[in-house]
Amino acid sequence: MATLPTTTDEITADWLTEALCGSGVIPAGTTVSGLRIDPQAGGVGFMGEVGKLHLTYDGPVAGENGDAPSEIVAKFATQNPELREMMRPTRVYEREHRFYEVLAAETPLRTPAVYHVTCNPSDDPDVPEEYLLLMEDLGHLTLGDQVAGVTPEQAQKALAGLAEHHAHFWNGAHLERATFLPDINGPLNQGGKAIYEASYPGFREAFHDTLDPKMAQVAAAYPDSCLAMLDRLAAMPTTLVHFDYRADNLFFDDSESGGGSVAVIDWQAIARGGGAYDVGYFLSQNLSIEDRRAHEQDLMRGYHDTLTANGVTGYAFEQLQDDYRVGMMYSWVIPVLAVGSLDFTSERAVTLWTRVIERAQDAIFHHNAQEFVG
């Protein structure tokens, strides 16, 4: 195959023709005749680049799975050499690419259709790794907004889909081929302790006015307990944990045919462990304080009811409540780590993490979850 593009600008119509023919998206003999890149629809972030491609074709467009798409999202790993080496031990790119190859067809959650996957990891640090995803554009759906917070109705849909997903993989079911999947308390997540310790001084300086004085004490002591919390999450019934189940990664289908379903992106941090982490993270950081306090119990009850309706047994609601508190407290790591890549010139980014901190610390003290930090 032709040289793999490493940025959106390097994608050509000839390369796309070869990639889409190779995956059966377009039949042999059809070519990509037109390519337009939308520079406003993607972006370059800490982890990599996302671009939106508009395509036209010459020849039949009916491939193995229906008509070829006119719009595609391309996702690249970061090309910053320092960041790439920093991210290499975390295997985040390999995890997401293998998810789409191995597990996307298994989960009841809707995920973007994938039109091409290049996944060439290497254990040799002198051998460059290659990653590229071509995926369905979900722009016709309603993207969640973590700044505003999801509505209670959106939260109910998100948790119903999450519960079906967790139930499907409960006790490790359907994960036999997922040899790439790390344990939630394994070395990859354990490394978060050192990153937290390095990030916390800058985080506290940047958000000093938002951080409750009581939370500052808990946050400073967090590294001493984070590995024990990971062990607690690992001791829960095992499932496929998304680990970044937040509003900005969720698309809601509000159409009559969609039935209120949710589509989920960004599977880079997946792990094998307790699904209560996803629930604690989502509810504590993605709803307004008022909505969480008013609807939290009903939302958790709905999540638990969906688990049991999908065959989960031996997991009492009271156990979920205890596990939820652990997940909530451990997920405090997210805003602290995020400060390392925060663009302080972005008003939305600063507003987002300010609201996340306010929500998270309120939920932690509301549930006395700080007791897990010794």
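**Around S288 and beyond**

Q: What does the side chain of S288 reach?
A: The S288 side chain gets to the backbone nitrogen of D291, at 3.1 Å. That's a polar contact, meaning a pair of N or O atoms within 3.5 Å; within protein, one has to be able to donate a hydrogen and the other to accept it, and residues adjacent in sequence count only if both atoms are side-chain atoms.

Q: Before we go on, what am I looking at, and how are things counted?
A: This is a predicted model, where local features need pLDDT of at least 70 and side-chain atom pairs count only at pLDDT 80 or more, while totals for chains, interfaces and linings use all residues. Residues are numbered from 1 along each chain as its sequence is written, and side-chain values use heavy atoms, with hydrogens and water left out.

Q: OK, where does S288 lie?
A: In the loop between α9 and α10. Helices here are DSSP runs of H or I with at least four residues, strands are runs of E with at least two, and both are numbered from the N terminus.

Q: Is S288 buried or exposed?
A: Buried, because its relative accessibility is 18%. Buried means under 20% relative accessible area, exposed is over 50%, and partly exposed is in between (1.4 Å probe, protein chains only).

Q: And how far is S288 from S70?
A: Their C-alpha atoms are separated by 37 Å, and the two residues are 218 residues apart along the chain.

Q: You mentioned α9. How many of its residues are buried?
A: 11 of its 11 residues, so α9 is mostly covered. Among them are Y277, G280, Y281 and Q285.

Q: At what angle does α9 pack with α4?
A: About 170 degrees, with the axes 11 Å apart; α4 covers residues 152–168 and α9 covers 276–286. The axes are lines fitted to C-alpha atoms, for helices over the stretch in contact, and angles run from 0 to 180 degrees between N-to-C directions.

Q: Parallel or antiparallel, then?
A: Roughly antiparallel. The cut-offs are under 35 degrees for roughly parallel, over 145 for roughly antiparallel and 65 to 115 for roughly perpendicular, with the rest called oblique.

Q: Which residues make that contact?
A: From α4 you have A155, A158, L159, L162 and H166, and from α9 there are D278, V279, F282 and L283. Contact means heavy atoms within 4.5 Å. The residues split into 7 nonpolar, 1 polar and 1 charged. Ala, Val, Leu, Ile, Met, Phe, Trp, Tyr, Cys and Pro count as nonpolar, Asp, Glu, Lys and Arg as charged, and the others, Gly among them, as polar.

Q: What about R292, which residues does it touch?
A: L283, S284, L287, D362, A363, H366 and H367, not counting residues up to four places away in sequence. R292 is in helix α10 and is buried, with a relative accessible area of 1%. Its side chain also has a polar contact of 3.2 Å with the side chain of H366.

Q: Switching topic: how many disulfides are there?
A: A search of the whole structure turns up 0. A disulfide here is a pair of cysteine sulfur atoms within 2.5 Å. As for individual cysteines, C119 is buried at 9% relative accessible area, and C226 is buried too, at 4%.

Q: Which strand does H116 lie in?
A: H116 lies in strand β6, residues 114–120. H116 is buried at 10% relative accessibility, and its side chain makes a polar contact of 2.7 Å with the side chain of T118.

Q: What's the phi of R91?
A: Near 60 degrees, a positive value in a residue other than glycine. Most residues other than glycine have a negative phi. R91 lies in the loop between α2 (81–87) and α3 (92–103), and is buried at 17%. N368 also has a positive phi, near 55 degrees, but N368 is partly exposed at 35%. You'll find N368 in the segment after α13 (347–366).

Q: Last one: is D224 buried or exposed?
A: Exposed, at 65% relative accessibility. D224 is in helix α8, residues 223–235. D224 and G374 are 150 residues apart in sequence, yet 7.3 Å apart in space, C-alpha to C-alpha.
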